[in-house]
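Keep the 3D view open as you read.

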Amino acid sequence: MTSVQLGWMPKYGSLFPAIVFFLALAALPVANLLFLSFMEISWEGGVVQREFVGLENYAALADDPLLKAGISNTLILVVVATSCQVALGLALALACSSLGNSSRLYRTLFILPILIPGIIIGAIWRLMYNFQFGIINQGLDLLGIPAIDWLGSPHLALASVIVVDIWHWTPFSFLLLLAAVEGLPKDVSEAAKVDGATAWQEFRRVSLPLLWPAIVTTFIFRAVIAFKVFDEVFLLTSGGPGTATEVISFTIYQRFFLQDNPGYGSAISVAVIFSVALVIAIALQMQNRREATR
Amino acid sequence: MATLELKNIRKSFGDVEVLHGIDASIQDSEFVAILGESGCGKSTLLRIIAGLETSSSGQILIDRKEVSNRTPRERDIAMVFQSYALYPHMTVTENIRFPLELANWSKDDINEATDKAIAMLNLGPVAARKPKELSGGQRQRVAMGRALVRQPKVFLFDEPLSNLDAKLRVQMRAEIRDLQRQLGTTSVYVTHDQIEAMTMADRVIVMNNGKVEQFGAPLDLYDKPANRFVAGFIGSPPMNFVEGEIIAGETVREFAYQDVRLKLGAAQLPPGPVTMGFRPEHVTLKSAATGGLRGTIMSEENTGDRTFLVVKVDGNPMGVTSSVRLDVGVGDDVTLVPDLSRLHFFDPVSEMRL
């Protein structure tokens with residue numbers, strides 16, 4: 001069989017559709033966002049007016065109280081919710097894996113929340129959190145504890161949103177970590193048992209180090225998704241009371257659409273995209289270094 | 001060092017019984033191989049001894065103490081797995097230290113024992129490496145080191161050489177045997193390779209379909225197989241079998257197969273149908289058409305030191321090996337004359353040795 005030497009045209013030509021898709025679906029929207037972030041945009045007589053304002057929109061970020069609250073709440077939500085989801089997902093994955101085939105029913109039950117649309121989750125939990133007739137307060141009433149305004153209290157609202165996020169997204173961590181747990185070499189675990197390890201020692205000294213790359217990857221994936229949290233906040237609290245549950249996505253929505261300020265909204269969006277990308281890059285770099293020394 | 005006794009070990013998976021009552025008594029410091037084909041239950045038996053699998057019934061006694069319901073860590077055994085099962089995130093040293101750390105040895109004792117094991121197994125130059133950076137033979141040694149460092153009562157080996165190439169296998173065979181002799185630890189070694197079993201073990205358990213067919217010294221299995229299965233399983237190329245009859249001749253008993261008569265001398269076998277077996281190396285070839293089994297050479301393989309022929313006798317292929325180069329070729333008609341002093345006879349129904 002003779003091999004044909006292809007010139008550069010067919011090689012790059014074959015990549016052309018993929019490049020077009022990438023540009024159209026990823027690069028162009030971000031470039032457009034970047035472009036808008038340097039503009040002051042207004043409508044006069046039904047016609048869009050663009051005025052180049054340089055870095056003014058970016059400079060304004062530092063003085064935006066809503067954004068500050070959004071960043072702070074988002075970081076709390078990302079760290080707390082993601083940590084809980086990874087820990088719970090890992091615990092459930094280990095439990096299911098140890099049950100073998102008899103865990104099929106549990107596996108199906110555990111992944112149900114991720115299959116439910118956000119709007120329904122919002123409705124379900126709003127009803128459950130309802131001050132007067134919510135099932136949670138009814139349960140507390142049975143125990144003689146007075147009703148709590150879960151979504152109306154500035155101290156409890158963010159925690160309540162975080163609980164919903166944990167309930168909604170733990171199945172995601174569970175699925176990723178279950179695949180990793182099932183992929184652990186069985187003979188290594190048996191070797192640890194024969195070597196004299198208790199169940200905890202086997203987990204701590206053998207399984208956990210082997211699962212660590214999957215845990216980090218799950219954490220990063222989940223953190224990225226948690227950063228974009230919107231629907232749960234929108235449906236449960238709309239950012240309130242006050243700014244108690246304000247998150248970055250909701251701030252962008254408010255500035256971009258409700259206050260009709262696309263330039264400033266774009267500046268927040270670009271800043272968030274680059275911040276998240278930077279955090280992911282640092283995390284992956286740390287993970288790669290760790291892998292290299294393994 | 002300890003004795004190991006297996007009493008009527010049975011194991012079922014659902015309705016299927018895979019071990020049908022295994023009995024074996026292994027002496028202190030003895031090296032016993034469990035030999036059998038894939039699926040005969042030998043690895044399941046080893047895992048039951050290790051405590052990684054529970055038996056459906058029966059008892060396991062280590063040093064005369066029943067351990068059947070104890071966890072692996074309570075049995076004081078060490079196991080070398082087929083895949084080596086090294087901890088991939090630990091270095092060679094860490095792998096070897098690990099069982100000692102779990103046993104709460106003092107730091108000084110751990111260091112001393114680990115250094116000794118590393119030196120004994122010539123792992124010094126690779127002590128800081130991770131398993132993925134080691135060759136197959138080195139991984140095998142680390143697995144050995146991890147097993148021996150704790151000085152357990154019993155060593156268990158689950159086909160530990162099957163992932164190595166032929167040359168390394170021969171080398172590691174000798175190394176494992178030497179180490180076992182040096183340490184004097186009671187050992188059970190599972191293998192499907194009869195050469196490994198025959199060359200390494202003091203005694204061999206031959207298993208088939210979840211039963212012990214024979215438990216004896218390697219040469220006993222070869223010279224006096226207890227039944228037709230062992231006779232056909234031990235030895236390569238395998239034993240040849242001829243279905244015939246024992247008849248009372250004029251002076252002595254004779255084996256009769258068609259018009260062939262083989263005088264059996266003093267052998268007192270009951271007259272009647274019988275399966276006669278002879279090994280390929282216990283037969284001579286003659287060109288004369290009488291005095292043996294007549295057949296046609298179907299294939300010939302020369303390995304330099306030996307010649308292996310397949311001769312078709314009445315449609316049945318029979319092996320013949322010779323250390324002397326034979327002046328014959330494919331298609332030649334020959335007569336096989338078995339060595340009458342080395343014939344084996346089996347009951348054609350029960351297949352037990354007569």
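In chain B, strand β17 (residues 307-313) pairs with β18(B) in the antiparallel sense, over seven bridges. Within this pairing, Leu309(B) has Val320(B) of β18(B) as its bridge partner. A word on terms: strands are DSSP runs of E with at least two residues, helices are runs of H or I with at least four, and both are numbered from the N terminus. Two strands count as paired if DSSP finds at least two bridges between them. This is a predicted model, in which local features need pLDDT of at least 70 and side-chain atom pairs count only at pLDDT 80 or more, while totals for chains, interfaces and linings use all residues. Residues are numbered from 1 along each chain as its sequence is written, and chains are lettered from A and ligands numbered from 1 in the order in which they are written.

Both strands belong to an open sheet of five strands in chain B, with the order β15-β19-β16-β17-β18 and antiparallel pairing. β15 (283-286) and β18 (316-322) of chain B stand at the edges with a single partner strand each, so one side of each is left without a neighbour in the sheet.

| Strand pair | Sense | Bridges |
|---|---|---|
| β11 (240-248) and β12 (253-257), chain B | antiparallel | four bridges |
| β12(B) and β13 (260-263), chain B | antiparallel | four bridges |

How is chain B divided into domains? The assignment gives domain 1 (4-233) and domain 2 (240-346), with bounds that come from an automatic or database domain assignment. The C-alpha centres of domain 1 and domain 2 of chain B lie 40 Å apart. Four residues of domain 1 of chain B are in contact with four residues of domain 2 of chain B, where contact means C-beta atoms, placed from the backbone, within 7 Å.

Finally, the two chains meet through 18 residues from chain B and 14 residues from chain A. On the chain B side, the elements giving two or more residues are α2 (72-75), β6 (77-80) and α3 (92-102).
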